[in-house]
Amino acid sequence: PCEQKYDYQYVKDFAFGILSVINKKENKSGIYNFCHSESIPLKELLIQIANLMGVSKKLLQFGAIPYRNGQNMFIIGDNSKFRECFSDEDNSYIGLANGLIKTIEYYKKREL
C-alpha cells in the first residue's frame, strides 16, 4: 500500500552537503545526520512522480507487492547538527519537488 514514510533527498542536495563538509576550513569531526529532516509517504512521492510525468496513478498498482518481514515503515533523521556546522547561505538547495522535475526532464531528454 506504500504507507512507508521516508526521508528523501535530491542527489544534488546531497552533493552540495558533501561539498560543504569538504570546503569547511575548520575541523568539525563528529557524527552527523546527513538527511533532509522531513519524511514523505512513499505513496505520495509516487503519485507526485506520476502527476509530473502525466501518467495515470492506476499504473502504480499500490499494494501489489506485500511488505517484506521487518519492513521499515518510518525513516527520518534530524539534520540540525549538520546544518549548524556545515550550512552556508549560497542558496544551492534544490529540494525534492524540484529535484523530481529535474530528474524526469533528464530522463525524457535521454529518450530522444
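This is a predicted model: local features need pLDDT of at least 70, side-chain atom pairs count only at pLDDT 80 or more; totals for chains, interfaces and linings use all residues.
Residues are numbered from 1 along each chain as its sequence is written, and side-chain values use heavy atoms, with hydrogens and water left out.

**Entry 1: the helix pair**

I looked up the geometry next. Two packed helices are described by the angle between their axes and the distance between the axes. Here α2 covers residues 42-53 and α4 covers residues 96-111; they pack at about 50°, and their axes are 10 Å apart. The axes are lines fitted to C-alpha atoms, for helices over the stretch in contact, with angles from 0 to 180 degrees between N-to-C directions. Helices (H or I, at least four residues) and strands (E, at least two) are DSSP runs, numbered from the N terminus.

I also noted that α2 and α4 cross in the right-handed sense, meaning that the near helix is turned clockwise from the far one by less than a right angle.

Which residues in α2 and α4 meet? From α2 I wrote down Leu45, Gln48, Ile49, Leu52 and Met53, and from α4 Leu96, Ala97, Leu100, Ile101, Ile104 and Lys108. Sorted by kind, the residues of this contact are 9 nonpolar, 1 polar and 1 charged. For the sorting, Ala, Val, Leu, Ile, Met, Phe, Trp, Tyr, Cys and Pro are nonpolar, Asp, Glu, Lys and Arg are charged, and the others, Gly among them, are polar.

I turned to Leu100, which sits in helix α4. Is Leu100 buried or exposed? Leu100 is buried because its relative accessibility is 12%; buried means under 20% relative accessible area, exposed over 50%, and partly exposed in between (1.4 Å probe, protein chains only). Apart from neighbours within four places in sequence, Leu100 is in contact (heavy atoms within 4.5 Å) with Leu45, Gln48, Ile49 and Leu52. Leu100 and Ile49 are 51 residues apart in sequence, yet 7.0 Å apart in space, C-alpha to C-alpha.

Ile104 is also in α4, and I found it buried, with a relative accessible area of 12%. Not counting residues up to four places away in sequence, Ile104 touches Ile49, Leu52 and Met53.

Over in α2 I checked Ile49. Ile49 is partly exposed at 23%, and, leaving aside neighbours within four places in sequence, Ile49 is in contact with Leu100 and Ile104.

**Entry 2: the sheet**

I then followed the strands. There are 3 of them in an open sheet, in the order β2-β1-β3, with mixed pairing. The edges are β2 (40-41) and β3 (74-75), each pairing on one side only. I saw that β1 (residues 5-6) pairs with β2 in the antiparallel sense over 2 bridges; DSSP must find at least two bridges for strands to pair. Lys5 has Pro41 in β2 as its bridge partner.

**Entry 3: two loop residues**

Last, I looked at backbone angles. Ser37 has a positive phi near 75°, although it is not glycine. Ser37 lies in the loop between α1 (11-22) and β2 and is partly exposed at 24% relative accessibility. Gln61, also other than glycine, has a positive phi near 50°. I placed Gln61 in the loop between α2 and β3, where Gln61 is exposed, with a relative accessible area of 54%.
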